[in-house]
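Please look over the structure below.

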Amino acid sequence: MSRVSGVQVRKRGMRWVLAAALTLYGCGPQQQDQRLDFYAFGTEISVTLYSVTAKQTLLATEQLQSHYADVGHNWYPWRRGELHAINTAMRSGSRVDVSPRLADIIRRAAEFELISGGRFNAGLGRLTELWGLHEISATPSALPDNADIAAILADRPGAVRIDWDQNRAGTRSDFVMLDLGGIAKGAILEDSVTILRELGITDAIINIGGDLTVLGNVRGRPARIGIRSPSNRSPIASLSIDDGETVVTSGIYERFVEIDGRRYAHILNPATGYPVDHSVSATIVHVDPVLADAAATALIVGGADEFDALTQAFGIDVALLIDSSGDVRLTQSMRERLHWIE
Ligand code: ADP
Ligand code: MG
């Protein structure tokens with residue numbers, strides 16, 4: 001996970017994008033297609049805007065960039081921003097004020113924990129830290145101690161263990177540490193849509209590290225996205241995405257830690273405290289990006305055996321799961337919408 005150096009390089013890229021948009025400003029009222037590239041919270045983001053004015057491009061660039069910088073600082077437990085402050089206060093037994101947007105996301109995370117029977121659990125930061133999944137943690141030189149894992153699990157940490165007094169959060173659990181990584185990209189997609197819609201932008205694709213939301217269409221046609229093979233990354237199928245839909249893929253092949261020459265996925269099974277190895281990837285299409293993100297993570301944890309129960313529990317029609325033996329589980333609607341590439 002060589003993330004730190006990447007951040008430095010790409011930050012310059014963000015400034016370049018802003019400069020490009022500035023140059024276009026003043027070109028007159030004609031509309032153009034524009035692609036904006038950002039790098040934030042360890043992730044490449046590309047936003048394609050269709051038929052926009054130079055002014056819309058400029059404002060979208062500024063507002064998205066500022067939002068991505070803000071959430072990169074405040075929504076990840078290893079940065080000294082708001083989530084870190086919340087975790088620190090809760091750990092010392094205090095109640096803490098939470099900003100409305102983060103409070104909303106944490107409450108939704110708790111809701112998804114209940115819906116998924118605990119497969120999705122955003123309160124396991126102590127475990128993700130133990131496995132070296134936090135951006136600042138060094139890769140562990142050995143597997144975590146089973147006693148440490150057991151001590152955390154015995155306390156049953158979870159976002160559901162947070163109790164709220166309006167927007168003030170507290171917990172009686174000694175081991176709750178919020179790690180919103182399984183839901184953050186969905187929430188950032190949701191916020192990006194709000195920003196673009198408020199600027200009057202009706203047609204766009206927002207792609208955050210492969211999770212994407214489509215607004216409107218692409219020059220009069222529905223957007224088509226490709227699904228790649230988890231093993232060799234070649235395109236295996238395509239899918240058209242309607243206005244307002246989000247496609248989220250959770251996979252265990254892109255982010256992992258390597259301990260003693262073995263790869264461990266960044267998605268943990270909350271029941272065992274160990275990384276998942278029975279699923280390879282889960283793809284979901286849904287109008288709610290936050291739900292789609294949480295559900296994709298839950299499907300990876302639940303695996304093929306729980307595919308039907310979890311898609312029903314989340315109310316998801318369009319989903320696909322590939323397990324580690326290469327078997328593919330599909331909902332009927334996904335089967336109907338997918339175009340397999342020969
Ligand atoms: P990606 O970030 O690759 O899109 P996910 O949305 O599945 O993948 O999020 C994975 C992240 O979610 C992990 O890096 C970790 O921060 C957190 N996480 C790990 N296991 C779980 C889990 N069982 N439930 C909720 N969040 C999890
Ligand atoms: Mg997720």
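How exposed is Asp-308, by its relative accessible area? Asp-308 is partly exposed at 41%, where buried means under 20% relative accessible area, exposed over 50%, and partly exposed in between (1.4 Å probe, protein chains only).

## Basis

This is a predicted model, in which local features need pLDDT of at least 70 and side-chain atom pairs count only at pLDDT 80 or more, while totals for chains, interfaces and linings use all residues. Residues are numbered from 1 along each chain as its sequence is written, chains are lettered from A and ligands numbered from 1 in the order in which they are written, and side-chain values use heavy atoms, without hydrogens and water.

## Ligand site

Around ligand 1 there are 17 residues, each with a heavy atom within 4 Å of it. Among the closest are Asn-121, Asp-179 and Arg-255. Domain 1 (82-182) and domain 2 (222-342) both contribute to this shell, so ligand 1 lies between them; the domain bounds come from an automatic or database domain assignment.

## Salt bridges

The model has 14 salt bridges, each a side-chain nitrogen of Lys or Arg within 4 Å of a carboxyl oxygen of Asp or Glu. Asp-308 pairs with Arg-329 at 3.3 Å, N to O. Arg-329 is partly exposed, with 29% relative accessibility.

Another salt bridge joins Arg-101 and Asp-191 at 2.9 Å. Arg-101 is partly exposed at 23%, whereas Asp-191 is buried at 12%.
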